[in-house]
Amino acid sequence: QDDQPIYMAVKGVVFDVTSGKEFYGRGAPYNALTGKDSTRGVAKMSLDPADLTHDITGLTPKELESLDDVFTRVYKAKYPIVGYTARRILNEDGSPNLDFKPEDQPHFDIKDEF
């Protein structure tokens with residue numbers, strides 16, 4: 001069970017945070033962020049269940065700046081990108097999002113199945 005990969009998403013980008021299991025594993029301080037898109041929680045530095053969502057409506061400019069900073073300096077710098085949430089790839093109506101641009105990360109490889 002504990003050798004299962006640990007994933008979380010920020011800004012619609014799915015990261016494999018297994019290498020940080022002391023932070024994200026079961027019983028670890030940031031475990032609440034895993035298994036979902038926790039963009040709002042990352043922006044607000046909050047583990048409140050209400051903040052564990054992709055929704056960034058109403059965040060302050062400072063929170064948005066913090067989000068971008070943590071996204072780039074922590075997640076993109078430390079953890080491999082393993083995919084994207086449907087919200088990044090699809091429009092609200094389920095059609096492909098033609099504006100979708102994958103994050104630039106050298107060791108990203110696309111897998112058909114997990």
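A residue is called buried under 20% relative accessible area, exposed over 50% and partly exposed in between, with a 1.4 Å probe and protein chains only. By that rule Met45 is exposed, with a relative accessible area of 60%. The model is predicted, so local features need pLDDT of at least 70 and side-chain atom pairs count only at pLDDT 80 or more, while totals for chains, interfaces and linings use all residues. Residues are numbered from 1 along each chain as its sequence is written, and side-chain values use heavy atoms, with hydrogens and water left out.

The chain contains 4 helices and 3 strands, where helices (H or I, at least four residues) and strands (E, at least two) are DSSP runs numbered from the N terminus. Read from the N terminus on, the elements follow the order β-β-α-α-α-β-α. Of the 114 residues in the chain, 37% are buried.

Aromatic contacts form the next topic. Rings of Phe, Tyr and Trp (its six-membered ring) pair if their centres lie within 6.5 Å; planes under 30 degrees apart count as stacked, over 60 as edge-to-face and the rest as tilted. The count by this rule is 9 aromatic pairs. In one of them, the ring centres of Phe23 and Tyr24 are 6.3 Å apart and the planes stand at 70°, so the pair is edge-to-face. Phe23 is partly exposed, at a relative accessible area of 35%, whereas Tyr24 counts as buried at 5% relative accessibility. Tyr24 also pairs with Tyr75 in a tilted arrangement, with 6.4 Å from centre to centre and 50° between the planes. Because Tyr24 lies in helix α1 and Tyr75 in helix α3, this pair ties together parts that are 51 residues apart in sequence. Tyr75 counts as buried, with 4% relative accessibility. Ring pairs join Phe15, Phe23, Tyr24, Tyr30, Phe71, Tyr75 and Tyr79 into a cluster.

Phe71, a member of that cluster, also has a charged neighbour: the charged end of Lys11 sits over its ring, 4.5 Å from the ring centre. A charge sits over a ring if NZ of Lys or CZ of Arg is within 6 Å of the ring centre and within 35 degrees of the ring normal. Lys11 is located in the loop between β1 and β2 and counts as partly exposed at 30% relative accessibility. Although Lys11 is not a glycine, its phi is positive, at about 55°. Met45, in the loop between α2 and α3, is likewise not a glycine and has a positive phi of about 55°.

Met45 leads on to the open space in the model. On a 1 Å grid over the protein atoms alone, a pocket is an open set of points where a 1.4 Å probe fits, with protein on both sides within 12 Å along at least five of seven lines; lining residues have an atom within 4 Å of a point. The largest pocket has a volume of about 280 Å³, a volume being the space filled by probe spheres set on the points, which are joined across faces, edges and corners. Among the 14 residues that line this pocket, Tyr24, Tyr30, Leu33, Met45 and Tyr75 are the closest to its centre. At least two lining residues come from each of α1 (21–24), α2 (39–44) and α3 (61–78), and α3 supplies the largest share, 4 residues. By class, the lining has 11 nonpolar, 2 polar and 1 charged residues, where Ala, Val, Leu, Ile, Met, Phe, Trp, Tyr, Cys and Pro count as nonpolar, Asp, Glu, Lys and Arg as charged, and the others, Gly among them, as polar.

Two further positions complete the description. Asp37, in the loop between α1 and α2, counts as buried at 14% relative accessibility. Asp37 and Tyr84 are 47 residues apart in sequence and 9.8 Å apart in space, C-alpha to C-alpha. Pro96 lies in the segment after α4 (86–89) and counts as exposed at 55% relative accessibility.
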